[in-house]
Amino acid sequence: MGHGVGAPAHCQEKAWRAHFAICFVAVSAFVSSASAQKDCNKPIYLTFDTGHMAVAPLVADVLARQQVRVTFFAANERTQEGDGSLGEHWASWWRARAAEGHEFASHTWDHTYWRADLGTAQAPSFRVRPSAGPREGQDFVLTAAGYCKEIARAADRLKLVTGKTPLPLFRAPGGKTSPQLLASAHACGYTHVGWSPAGFLGDELPSEKASNTALLSKALRDVRSGDILLAHLGIWSRKDPWAPAVLEPLIAGLKERGFCFRTLREHPDYAPLAGR
């Protein structure tokens, strides 16, 4: 007997019912997960600093799949592909993250490390050393106003490429600051954000001394409610990349432990600043 062009009506109905059941289960699971995240009273704050960006598309995939929003601290760092992490090559990537509801803040334009305080309390200046840009690896002096321009330049670029105003926050490269540096940045409208001790996820550490398995276990064991977590969009020196290998099991494991993920816009210390 030859086959007809279409399946019999009862077969089509059975297939439709099966498809509907699968979709219903998937949607129910998503709603249940979203509800649990919404009602969660154990918030944590995952943040990413820029890096060589090679893993950035994979990180974005994980965040989308897990329905997690984060805060990105961006500098115009050297990348494996393109013209810098805030260059035109990556502009569409940042725009897509803004559309997904992520938040952004400055990491200084040239990933500029604070090295020492100079000047006076009335006229502060700082010895700095950028790890990107035309003066990469060089020590030189920035006035307080010059350092503020470093912060603002990255924030302005983020606003241009995402269409979204960044948070009035910044993260100094390496977390290296001084009271004078923090005061100078605060005077020009920026509050520094570091990370929690348990929130250092270890993706900067040598693979030989800190395996992905060990870093995952440590984070799942030590992270506590309210912690700010730190990872990067690619570390040049790490042979066994942390991201995205550890990212998804970490997120899933923390969710299983009752944690929910929030951006720094929702952090009790920074929410009042973000509203101004």
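# Getting started with this structure

Across from Pro124 in strand E5 you'll find Gly119. That pair is a handy place to start looking around, but keep in mind that this is a predicted model. The chain has eight helices and ten strands, and buried residues account for 48% of its 276 residues. Take the contacts between residues at least 6 apart in sequence: 72% of them join residues at least 24 apart.

**The E4-E5-E6 sheet**

- Three strands make up this open sheet, lined up in the order E4-E5-E6 with antiparallel pairing.
- On average, and ignoring direction, neighbouring strands here are turned by 35° against each other.
- E4 and strand E5 (residues 124–130) run antiparallel and are joined by seven bridges.

**Helices lying across that sheet**

- Helix H4 lies across E4, E5 and E6, and runs at about 90° to E6.
- Helix H5 lies across E4 and E5, and its angle to E5 is about 100°.

**The disulfide**

- How many disulfides does a search of the whole structure find? It finds one.
- That disulfide joins Cys148 to Cys188, with 2.0 Å from S to S.
- The two cysteines come from distant parts of the chain, 40 residues apart: Cys148 belongs to helix H4 (residues 144–162), while Cys188 is in the loop between helix H5 (179–187) and strand E8 (191–192).
- Is this disulfide left-handed or right-handed? The torsion about the S-S bond of Cys148 and Cys188 is about -90°, so the disulfide is left-handed.
- Cys148 has a relative accessible area of 12%, so this residue is buried.
- Cys188 comes out at 30% relative accessible area, so this one is partly exposed.
- Another cysteine to look up is Cys260, which counts as buried because its relative accessibility is 1%.

**Strands E2 and E3**

- Strand E2 (residues 71–74) pairs with E3 in the parallel sense, over four bridges.
- Within this pairing, Ala74 stands opposite Ser106 in E3.
- To get from E2 to E3, the chain passes through helix H3 (residues 91–99), and this β-α-β crossover is right-handed.
- In a regular strand, side chains alternate between the two faces of the sheet.
- In strand E3 (residues 103–106), Glu103 and Ala105 point one way, Phe104 and Ser106 point the other way, and all are buried.

- Buried or exposed: which is it for Glu103? Buried, because its relative accessibility is 6% and the cut-off for buried is under 20%.
- The Glu103 side chain makes a polar contact with the side chain of Arg265, at 2.8 Å.
- Setting aside neighbours within four places in sequence, Glu103 is in contact with Val70, Thr71, Phe72, Lys164, Leu167, Thr263 and Arg265.

**Asp49 in strand E1**

- Asp49 is part of strand E1 (residues 43–49).
- Asp49 has 3% relative accessibility, so it counts as buried.
- Which residues does Asp49 touch, not counting those up to four places away in sequence? They are Phe73, His107, Arg171, Leu230, Ala231, His232 and Leu233.

- Leu220 lies in helix H6 (residues 212–222), and is buried because its relative accessible area is 17%.
- Leu220 and Leu254 are 34 residues apart along the chain, yet their C-alpha atoms are separated by 6.4 Å.
- Helix H7 (residues 247–256) has these buried residues: Leu247, Leu250, Ile251, Gly253, Leu254 and Lys255.
- Just past the end of H7, Gly258 takes a positive phi of about 90°.

How values were computed
Residues numbered from 1 in each chain as written. Predicted model: local features only at pLDDT ≥ 70, side-chain atom pairs only at ≥ 80, totals over all residues. Heavy atoms only, no water. Buried < 20%, exposed > 50% of the residue type's maximum accessible area, 1.4 Å probe, protein only. Pairing = 2+ DSSP bridges. Right-handed = clockwise from strand over helix to strand, strands pointing away. Disulfide = S-S within 2.5 Å. Polar contact = N/O pair within 3.5 Å; in protein donor to acceptor, adjacent residues only side chain to side chain. Contact = heavy atoms within 4.5 Å. Axes fitted to C-alpha atoms, helices over the stretch in contact; angles between N-to-C directions.
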